[in-house]
Amino acid sequence: RNPPRIVDGREAGRAGSWLLTTAGMCAHPLLDEAQPRPLNGDRPSRAWCASWGLKDGSRRRRVLLGLAAVFALVIGATVVRRLSGRHKPFPDPFPEPGAGPEELVRGVSLGGWLVIEAFITPGIFRRANDALQRVNAHHSPPYDRIIDQWTLCEYLGPEEALSILAPHWDGFVTRSDLERLRATGINTLRLPVPYWIVDIAPGEPWVGQERIQAALNRTLGWAAELGLKVLVDLHAAPGSQNGFDNSGHWGATNWQRPDATGLPNIRRTLSVWVGICDLLKAAAGGAGVPLHAVLAGVELVNEAPCFNPAIDRDVLRAFLVEGYFTVRGALGSEHVPVYVHDCFYPHAWEDFMRGDAFQNVRLDRHEYQVFEDVKMRWPPAKHLLFACEQAFSVQRTHRVRPTVVGEWSLATMDCDPWLNGYGQGSRWEGTFPQPREALGSCDPYRSADAFSEDYMQFLREYGEKQMQAWDAGLGWVFWNFKTENGTAPHFDYLLGVERGYLPAVAGTYTNGCPPLVYREQF
């Protein structure tokens with residue numbers, strides 16, 4: 001896993017020091033004639049110097065001094081580069097799975113299940129929009145497209161919506177899936193849950209609360225039997241914490257929106273967590289295991305992005321503190337880790353939730369190279385380099401508190417259909433968010449069947465380098481465990497293992513990062 005080390009600054013320093021010392025001492029006028037050879041740092045004798053051709057004024061001595069000067073330049077350049085931050089050693093040795101006091105997280109998310117997303121299960125959205133045409137035949141004015149779980153439930157009504165969602169909740173995640181994941185070395189399942197699993201307010205269209213609760217119980221039971229742990233993540237908060245479809249409701253971000261009574265959705269979220277904790281305790285009891293034996297942690301809220309003007313970081317921090325104590329009280333345990341998402345500013349939390357009052361707090365980072373135009377223009381080699389360089393950042397946050405990269409993928413271009421939302425195009429082909437210059441065609445990348453051998457090798461190397469970089473922290477959780485019929489191959493862990501562009505055993509690397517990384521390569 002760790003390639004042989006090349007000569008670094010310290011080795012050059014030792015060699016240069018020996019050369020300078022030896023060449024200089026052989027020119028010293030007071031040599032110890034009785035000492036036959038250098039020993040323990042003592043001065044060499046004239047005879048020893050002469051035997052190596054190092055007597056004063058000799059050609060060999062001049063060559064030796066020249067080599068010493070070269071080593072001095074190497075040392076100087078190394079120091080300058082280290083001080084300038086342009087040369088950084090890759091964290092080494094990498095922790096082995098199970099090494100140290102805690103087992104490294106090897107996880108996948110069960111995304112697109114209890115909270116649906118179009119790029120994970122496009123068939124649901126096709127069926128829902130087909131049903132909408134029948135509804136619109138009798139509705140005026142006609143509804144727009146169904147683009148998320150809210151519009152599916154609102155436009156179709158409870159009976160039709162449940163007829164589409166219930167089979168999905170019952171069958172998308174199976175025990176067989178979990179057995180396959182466990183066989184590949186996966187030890188953690190990140191389970192995104194919506195707030196309506198315990199709380200549906202008047203006027204909200206959500207359906208299937210009991211079905212979702214049953215799915216949660218079933219998953220924790222299977223996990224306990226298979227030796228897996230579950231990280232429960234509040235993926236959809238009241239009012240929507242990010243305005244994306246993965247919050248259940250595309251559009252406005254109203255999670256922190258105030259009214260005359262204060263911040264009603266924040267208060268409601270805290271109440272939701274009490275209800276979720278009750279469900280988790282009941283599920284663990286039903287499985288006959290202690291809660292901490294099956295629960296890998298709870299994540300207070302997913303992706304409330306601080307770049308969104310509707311998210312105030314101080315309000316978010318206050319919620320996380322209150323949420324921590326709410327969950328601790330509701331679970332009655334400090335053994336279960338509490339995860340805090342970094343709001344996409346990973347180094348803004350180094351002074352947060354410190355001290356004895358906060359126990360077992362972990363930072364969750366989501367690292368993608370696909371949702372920014374500048375990164376999408378990078379050549380493949382730079383994606384690989386950047387993946388390795390991220391280890392420095394992960395290591396920095398991990399030194400403050402345990403850090404898990406809780407979402408990442410293999411995508412470097414947004415060619416997986418509907419990745420940007422139902423019916424949306426792609427930046428790569430210049431069709432999202434509005435017509436623009438295309439960077440290329442998505443045809444070679446939409447399906448694993450279309451992947452070339454060279455591209456498969458790139459994906460394998462890219463995936464392994466990311467895995468190894470995330471191990472500079474406490475491990476990783478891949479998004480996602482699978483997609484409907486492999487529709488999004490860059491986000492489909494089981495498909496990647498099956499086709500060979502992800503390792504057969506999680507955490508085994510043949511294409512790891514180099515021991516030294518030079519930032520100025522690009």
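1. Aromatic pairs. The count comes to 27 aromatic pairs, where rings of Phe, Tyr and Trp (its six-membered ring) pair if their centres lie within 6.5 Å, and where planes under 30 degrees apart count as stacked, over 60 as edge-to-face and the rest as tilted. Trp-408 and Trp-476 are edge-to-face, because their ring centres are 5.6 Å apart and their planes stand at 90°. Trp-408 belongs to the loop between strand 8 and helix 13 and Trp-476 to strand 9 (residues 475–478), so this pair ties together parts that are 68 residues apart in sequence. Helices (H or I, at least four residues) and strands (E, at least two) are DSSP runs, numbered from the N terminus. Both Trp-408 and Trp-476 are buried; buried means under 20% relative accessible area, exposed over 50%, and partly exposed in between (1.4 Å probe, protein chains only).

2. Basis of the values. The model is predicted: local features need pLDDT of at least 70, side-chain atom pairs count only at pLDDT 80 or more, and totals for chains, interfaces and linings use all residues. Residues are numbered from 1 along each chain as its sequence is written, and side-chain values use heavy atoms, with hydrogens and water left out.

3. Aromatic cluster and charges over rings. One aromatic cluster is formed by Tyr-445, Phe-451, Tyr-455, Phe-458, Tyr-462 and Tyr-501. Arg-313 lies over the face of Tyr-345, at 5.0 Å from the ring centre, and Arg-317 lies over the face of Trp-349, at 5.1 Å from the ring centre. A charge sits over a ring if NZ of Lys or CZ of Arg is within 6 Å of the ring centre and within 35 degrees of the ring normal.

4. Disulfides. How many disulfides does a search of the whole structure find? The search finds three, a disulfide being a pair of cysteine sulfur atoms within 2.5 Å. In the link of Cys-306 and Cys-343 the sulfur atoms are 2.1 Å apart. Cys-306 is in the loop between strand 5 (295–299) and helix 10 (313–331), and Cys-343 in the loop between strand 6 (338–341) and strand 7 (361–366), so the pair ties together parts that are 37 residues apart in sequence. This link of Cys-306 and Cys-343 is left-handed, with -100° about the S-S bond, and both cysteines are buried.

5. Further disulfides. Cys-388 is joined to Cys-513, S to S 2.1 Å. The pair links distant parts of the chain, with Cys-388 in helix 12 and Cys-513 in the loop between helix 14 (493–499) and strand 10 (516–518), 125 residues apart. Cys-415 is joined to Cys-442, also S to S 2.1 Å. Cys-415 and Cys-442 each lie in the loop between strand 8 (403–407) and helix 13, so the pair ties together parts that are 27 residues apart in sequence. Cys-388 and Cys-513 are both buried, as are Cys-415 and Cys-442.

6. Largest pocket. About 890 Å³ of space lies in the largest pocket. On a 1 Å grid over the protein atoms alone, a pocket is an open set of points where a 1.4 Å probe fits, with protein on both sides within 12 Å along at least five of seven lines; lining residues have an atom within 4 Å of a point. A volume is the space filled by probe spheres set on the points, which are joined across faces, edges and corners. The lining has 33 residues, of which Phe-244, Glu-303, Phe-344, Tyr-368 and Phe-371 lie nearest the centre. Of the lining residues, 15 are nonpolar, nine polar and nine charged. Here Ala, Val, Leu, Ile, Met, Phe, Trp, Tyr, Cys and Pro count as nonpolar, Asp, Glu, Lys and Arg as charged, and the others, Gly among them, as polar.

7. Backbone features. Glu-303, one of the residues nearest the centre of the largest pocket, has a positive phi of about 45° although it is not a glycine. Glu-303 is buried, with a relative accessible area of 7%. Asn-360 likewise is not a glycine, yet has a positive phi of about 60°; Asn-360 is partly exposed, at 28% relative accessible area. A cis peptide bond joins Phe-432 and Pro-433, with omega about -5°, and another joins Trp-479 and Asn-480, with omega about 25°.
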